[in-house]
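Here is a short note on the structure below. Please keep it open as you read the points.

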Amino acid sequence: KRVKMAQSEETHQKYDYYPDKFIISTSSGVNGNFIYDYTDGKPVLQKFADVEIETFYNEPNANDNFYISGFKVIDPSGVIYFFGLSEDKTRSAISYDRVVKTGTYTNGSLRYTSNSETYPSAWQLMEVKTPNGRRIEYHYPNVPEISTFYRRGSDKAMHGGVVSTFSKINSYQYHVREIKFGQGSVEFVPSTIEREDLEGAYNLS
């Protein structure tokens, strides 16, 4: 079966044989992965848990018009989390990566190709609602912080040698600016000194 699958991938490369994996983490201890069932399009947790996940699609106020606009997650205690999109669907924060170019190294020869692939990397936490009606709001800047990094791809043995690939990626990240709750708010102020490990990124002051 594995051989047949590999042969099918080579023949039909436009099909995606592996579902995207989503990672979820909440302050109440809901941690794990989920995928979408290709038969009904519903999220499936990869471990048994009393957690409900609702997906929002193609919301007009979601930034950058990604197909998945956000998630609503209800934990076993009844606490509701909104990711990527606020409950009233007026605020959005979806971080994403954009591939600038891809490099291929083969037998001492380096070749670059331009690329404009863009994909979401994180749906930021927007709101938390407790069963007794309390609410916590997470607010983000209108414009994401841009940093640049390189990601190495896989090495493949081809006829005549080994092919190595890597990509230059611009990362557009939304970092929380302010947290509002019933008793007040907390504001986060970025430093003016750039980080040494990530081009274009800053610590908190």
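1. The largest pocket has a volume of about 790 Å³. A pocket is an open set of points on a 1 Å grid over the protein atoms alone, where a 1.4 Å probe fits, with protein on both sides within 12 Å along at least five of seven lines; lining residues have an atom within 4 Å of a point. Its volume is the space filled by probe spheres set on the points.

2. The model is predicted: local features need pLDDT of at least 70, side-chain atom pairs count only at pLDDT 80 or more, and totals for chains, interfaces and linings use all residues. Residues are numbered from 1 along each chain as its sequence is written, and side-chain values use heavy atoms, without hydrogens and water.

3. Which residues lie nearest the centre of the largest pocket? They are D20, K21, F22, Y36 and W123, out of 24 lining residues. Strands 1 (22-25), 2 (31-36), 5 (68-74) and 9 (118-123) each supply at least two lining residues. Strands here are DSSP runs (E, at least two residues), numbered from the N terminus.

4. The lining of the largest pocket has 18 nonpolar, three polar and three charged residues. Ala, Val, Leu, Ile, Met, Phe, Trp, Tyr, Cys and Pro count as nonpolar, Asp, Glu, Lys and Arg as charged, and the others as polar.

5. The second largest pocket holds about 350 Å³ of space. P141, E145, H175, V176 and P190 are the closest to its centre, among 19 lining residues. Strand 12 (145-158) and strand 17 (202-204) each give two or more residues to this lining. Strand 17 gives the most, with three.

How values were computed. Helices (H or I, at least four residues) and strands (E, at least two) are DSSP runs, numbered from the N terminus.
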